[in-house]
Amino acid sequence: METTQTYLKEIFATDQGAVYQCDKEGNFLLDFAGQTSAFKFPCFFALRKRINQIDLAKMISNPDTSSDIEIICPCGSNRVFVLNTMEIIQLKDLLNGAKVMMELNSILFERLYRVAV
Amino acid sequence: MRDIVRQKTSLTEEIEIILNEQIKLEAKASALYLAMASWCDQHGFLYSSEFFYKQSGEEREHMLKIFKYVNDVGGKAFSPEVAGIPQDFDSLKSVFVGGLEQEIANTQALNRVVDLCYKVKDYTTAHFMQWFLKEQIEEEFIFRRALELFEVIGEEGVGTYMIDKKIPDIKYTHE
């Protein structure tokens, strides 16, 4: 019998967090800033897109005290991210790194496992 | 590890982005033709007005065709924001010149989509886009023929009246 542990695969990790894939549920787990949240496929990529759209240069150059905080309420999640500039950079690295690893996984599947024999 | 990404969608991110840009372009064309229909209606060019109402509807259908395709293959289609549509035009001729320019821009944009499809080896989307490329032959043809009427008939006297009357007769029959 498979345990829950075997379904969870680490996709990408940094010092600040990690992204896991749950093979059973087909969703992703984001471990960041001490909390873990589950995201369905479209919601995970919507969050990544939202984070990538943040204009970091504008945030940094704006002297307003409120400008260095971004509040993000991702779809399909109860979690609210309140991120400062550094955390946005860290989360951006984590999500984009995970995306690259997912693409690599797709390439491996295409080249190694789905090749007709 | 399961290949969840491929199981959920066959679109790469770059193809999804360029298809959403194309959705926006088709929506913009639909809105532009609606503005042209309104201008023609106001200025008494009723046949041209009808022509542009029809063109506007067709562009919206094109937009929906791509929109549904993106969602069908697991991507996310974005409902486009359209702004900056010109509402006034100098003359009936300038309306058709604007229409032809729009169609040329659309053909070039579609070519870029197909070009990218081949670059990333997305032959499914490349095949899907063939219908649009074929459609562009007709679209450009109709606007070119319309502009030729301005040269053949001339705009003096009852010229624009005659041109307007001839617009519905333009048909592409070389499919």
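Which pattern does chain B follow when we read along the sequence? Chain B goes α-α-α-α-α-α. Hi everyone, and thanks for having me. Before we go on, please keep in mind that what you see here is a predicted model.

Let's stay with chain B for a moment. Chain B has six helices and zero strands. If you draw a box around its C-alpha atoms along the principal axes, that box comes to roughly 75 × 35 × 20 Å.

Now compare that with chain A. Here we have four helices and six strands. Starting from the N terminus, the elements of chain A come in the order α-β-β-β-β-α-α-β-β-α. The box for the C-alpha atoms of chain A, again along the principal axes, is roughly 60 × 30 × 25 Å.

Next, please find two helices in chain B: helix 3, residues 46-72, and helix 5, residues 123-153. Their axes are 12 Å apart, and the helices pack at an angle of about 170 degrees. Angles over 145 degrees count as roughly antiparallel, and therefore helix 3 and helix 5 of chain B are roughly antiparallel to each other. Which residues make the contact? On helix 3 of chain B, they include B:Phe51, B:Phe52, B:His62 and B:Tyr69. On helix 5 of chain B, you can look for B:Phe128, B:Trp131, B:Phe132 and B:Phe143, among others. Sorted by class, this contact between helix 3 and helix 5 of chain B has nine nonpolar, four polar and five charged residues.

Let's move on to the place where the two chains meet. Chain B gives ten residues to the contact, and chain A gives 19 residues. The area buried between chain B and chain A is about 1,300 Å², with 59% of that coming from carbon and sulfur atoms.

How many salt bridges does the rule find across the interface of chain B and chain A? There are three. A salt bridge you can look up joins the side chains of A:Arg114 and B:Asp3, at 2.9 Å from N to O. The rule also finds seven residue pairs in polar contact across the interface of chain B and chain A, with both residues at pLDDT 80 or more. On the side of chain B that touches chain A, the largest share comes from helix 1 of chain B, residues 4-8, with four residues. By class, that side of chain B has four nonpolar, one polar and five charged residues.

One last stop: over all chains, the salt bridge count comes to ten. Have a look at the side chains of A:Arg50 and A:Glu70, which meet in a salt bridge at 3.1 Å, N to O. A:Arg50 sits in helix 2 of chain A (residues 41-52) and A:Glu70 in strand 5 of chain A (residues 69-72), so this pair ties together parts that are 20 residues apart in sequence.

Methods:
Residues are numbered from 1 along each chain as its sequence is written. Chains are lettered from A and ligands numbered from 1 in the order in which they are written. This is a predicted model: local features need pLDDT of at least 70, side-chain atom pairs count only at pLDDT 80 or more; totals for chains, interfaces and linings use all residues. Side-chain values use heavy atoms; hydrogens and water are left out. Axes are lines fitted to C-alpha atoms, for helices over the stretch in contact, and angles run from 0 to 180 degrees between N-to-C directions. Angles under 35 degrees count as roughly parallel, over 145 as roughly antiparallel, 65 to 115 as roughly perpendicular and the rest as oblique. Contact means heavy atoms within 4.5 Å. Ala, Val, Leu, Ile, Met, Phe, Trp, Tyr, Cys and Pro count as nonpolar, Asp, Glu, Lys and Arg as charged, and the others, Gly among them, as polar. Buried area is the accessible area (1.4 Å probe) that two parts lose on being put together, summed over both. A salt bridge is a side-chain nitrogen of Lys or Arg within 4 Å of a carboxyl oxygen of Asp or Glu. A polar contact is a pair of N or O atoms within 3.5 Å; within protein, one must be able to donate a hydrogen and the other to accept it, and residues adjacent in sequence count only if both atoms are side-chain atoms.
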